[in-house]
Amino acid sequence: MFASNSTILSSVAGEDNQLAAGALGIAAILTTTAVYFTLRSKGKENGFPKLRGFQLYHAWDFFYRRYDFLLSNLNRSSGKSFSFNVLHHNVIALAGEDARRVLFTTPHFDLSEGIKLLLGIAPQIENVNDIELEPDAKGDTIPHFNRKLNRLFSHNRLEDVLPTLLQDIIDQAGKWGNGGKSGRIDPFIEVYELIFVLTARMTTCEELTKNEADLKRILELFSTLHTSSTPAAVLLPWFPSPARKKTREATTELFTILCTYVEARRKAEPTSEAIDVLIAEGESTQSIADYIMKVLFAGVINTGVVTCWALVYLAIHSEWREKCKQEIQDLIFRHSDSPPSSTLGEKLGAVPISGWQNELPMLDACLQETHRICLTPMAFRRNLGKEINIGGQVVKRGDFVVYPIAEFHLNPEFYPEPYKFDPSRWLRPDPVPNATHKFLGWGSGRHACTGMKVAKLEMKMILAVFLEKYDYELVDVDGKRVSQMPVPNRNDLNQTGPLGPTCYLDFKQASTD
Ligand code: HEM
């Protein structure tokens with residue numbers, strides 16, 4: 001099994017002292033720059049009220065406690081959009097129905113540029129040391145990226161890979177506790193690792209999916225990229241800080257590992273695996289490795305957050321857990337004509353994709369409700385075109401915008417008792433009667449999620465295996481049952497784990513499988 005993420009995180013955190021000296025120097029530069037731009041920005045009017053106070057603090061808060069910073073300031077502004085500075089950049093935090101409509105439909109709102117400055121944790125090929133880049137490894141546009149993803153996630157490929165994904169889930173669960181029969185897991189570690197395996201299966205090749213040491217190393221490198229994404233490293237990419245050095249080293253190693261697998265596949269018999277599909281399309285090794293880096297990054301975090309929290313909610317809300325279990329048993333009964341002695345993998349493997357997609361309304365409702373409450377992503381854009389008008393206020397060319405989806409998903413105006421886990425709201429004919437968008441958890445319009453179909457399939461398969469195979473409960477570190485629902489740490493952009501003490505799932509095999 002992989003090393004725990006907490007070990008990975010603490011080993012990175014342990015080096016913080018060494019970074020302190022560098023951080024002081026950077027802080028001095030940032031302070032001078034911020035004072036300059038704070039003074040310079042006075043009197044500039046863009047129609048969106050600027051947050052008062054020292055802009056450097058706002059930028060710092062934006063990077064370190066993003067969720068609290070945006071939501072508390074929106075609260076203070078009575079739910080109205082506001083702006084602040086990140087160095088010399090004007091960033092507008094959007095809110096309201098007009099903003100949502102414009103944000104998701106305006107062509108000049110560029111997602112890649114928005115992510116580059118405001119997110120800063122995605123792996124970038126520009127950070128790879130000493131590698132001569134071929135022209136096609138640079139500037140992969142989003143439509144090009146999505147076209148490749150659609151090929152990897154085509155219906156035929158999904159039908160092909162579905163039994164293998166199920167077996168991956170069962171095999172990985174077999175490594176938990178006492179040979180997968182009983183034990184205790186931290187879902188925010190074990191289930192994340194499982195999702196990483198499934199995403200690697202969908203986007204790389206058998207050799208990597210089965211190589212635990214390399215998968216573990218790749219996870220560690222992603223974790224390093226995340227922890228090295230300090231405000232200074234993101235805002236001053238040219239400054240040779242220790243965090244910057246770590247980012248370069250981690251990206252280079254990640255890229256090198258992936259290139260090795262692509263090169264090995266070039267020499268092997270072609271199959272329908274993802275790397276082979278990309279090779280057959282004439283992509284270079286570097287371009288494929290870069291692509292996989294980005295897809296693994298895009299695919300794992302969100303799928304992990306929703307799956308882990310759904311398991312936690314269903315541990316507490318046993319009435320919904322029973323409904324979901326019944327629904328899964330009915331699904332198996334409808335589609336599997338294999339003998340009762342067949343394995344869980346065989347029974348679930350007989351369910352066609354359409355069954356997973358259309359015949360699990362209770363599970364869908366529980367996942368969507370978990371997604372709404374626990375996963376609170378932000379949409380980032382930069383205006384690369386002319387001025388854009390939102391409700392009479394102007395987003396200028398070059399401005400950045402950020403939209404916290406929680407502004408909608410946790411808003412009592414649209415979702416009464418927004419923090420209450422109530423999957424039944426999704427089973428009503430018109431769940432959100434007074435809004436244009438009903439749910440924004442997969443984005444909308446021009447940049448709606450390309451991985452949604454696969455993410456939903458993976459989440460439902462994991463829950464189906466877990467609910468069918470195990471009886472389980474939520475416990476604390478001493479094994480004492482937890483009956484109070486933990487709260488997600490929405491400022492944690494990496495895992496959105498629970499605030500406060502770690503919680504675990506105590507499981508015991510229910511079926512003989
Ligand atoms: C539960 C899992 C997932 C959630 C909640 C999720 C959510 C989202 C959201 C909210 C957006 C819109 C971002 C914006 O408007 O700024 C998005 C876009 C995107 N997602 Fe996902 N995603 C998930 C899984 C995946 C997976 C598994 C992949 C691929 C492996 C993926 C690939 C993408 C891509 C490529 C885009 C950008 C699409 C474009 O710009 O045209 N996502 N996702």
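How many bridges join strand 4 to strand 10 (residues 504-509)? Four bridges do, and the two strands run antiparallel. The legends below begin with some ground rules and then take the views in turn.

**Before you zoom in: how to read these views.** Residues are numbered from 1 along each chain as its sequence is written. The model is predicted, with local features needing pLDDT of at least 70 and side-chain atom pairs counting only at pLDDT 80 or more, while totals for chains, interfaces and linings use all residues.

**View 1. The whole chain, before the close-ups.** The secondary structure comes to 21 helices and 10 strands; helices (H or I, at least four residues) and strands (E, at least two) are DSSP runs, numbered from the N terminus. Of the 513 residues, 42% count as buried. A residue is buried if 20 or more other C-beta atoms lie within 10 Å of its own, exposed if 12 or fewer, and partly exposed in between, with C-beta atoms placed from the backbone. Among contacts between residues at least 6 apart in sequence, 75% join residues at least 24 apart; two residues are in contact if their C-beta atoms, placed from the backbone, lie within 7 Å.

View 2. Two strands pair if DSSP finds at least two bridges between them.

View 3. Strand 5 (residues 378-383) is mostly covered, with five of its six residues buried. Five bridges join strand 5 to strand 8 (residues 400-404), and these two run antiparallel. Within that pairing, M378 stands opposite P404 and R381 stands opposite V401. Strand 5 also pairs with strand 3 (residues 109-110) in the antiparallel sense over two bridges, where F109 stands opposite N383.

**View 4. Around the ligand and C449.** Of the 23 residues around the ligand, G299, G443, H447, C449 and G451 come nearest; a residue is near a molecule or strand if its C-beta atom, placed from the backbone, lies within 6 Å of it. Helix 7 (142-152), helix 15 and helix 21 each give two or more residues to this shell. Helix 15 provides the largest share, six residues. By class, the shell has 14 nonpolar, nine polar and no charged residues. In this scheme, Ala, Val, Leu, Ile, Met, Phe, Trp, Tyr, Cys and Pro count as nonpolar, Asp, Glu, Lys and Arg as charged, and the others, Gly among them, as polar. An unreviewed UniProt entry places the feature "binding site" at C449. C449 lies in the loop between helix 20 (406-409) and helix 21 (452-469), and C449 is partly exposed, with 16 other C-beta atoms within 10 Å. Leaving aside neighbours within four places in sequence, C449 is in contact with W442 and G443.

**View 5. Two loop residues with positive phi.** S78 has a positive phi of about 55° although it is not a glycine, and T496 has one of about 50°, again without being a glycine. S78 is found in the loop between helix 4 (66-76) and strand 1 (82-86), whereas T496 is found in the loop between strand 9 and strand 10. Are these residues buried or exposed? S78 counts as exposed, with 7 C-beta neighbours inside 10 Å, and T496 counts as buried, with 24.

Notes: UniProt positions renumbered as here; feature names shortened; annotations may be inferred.
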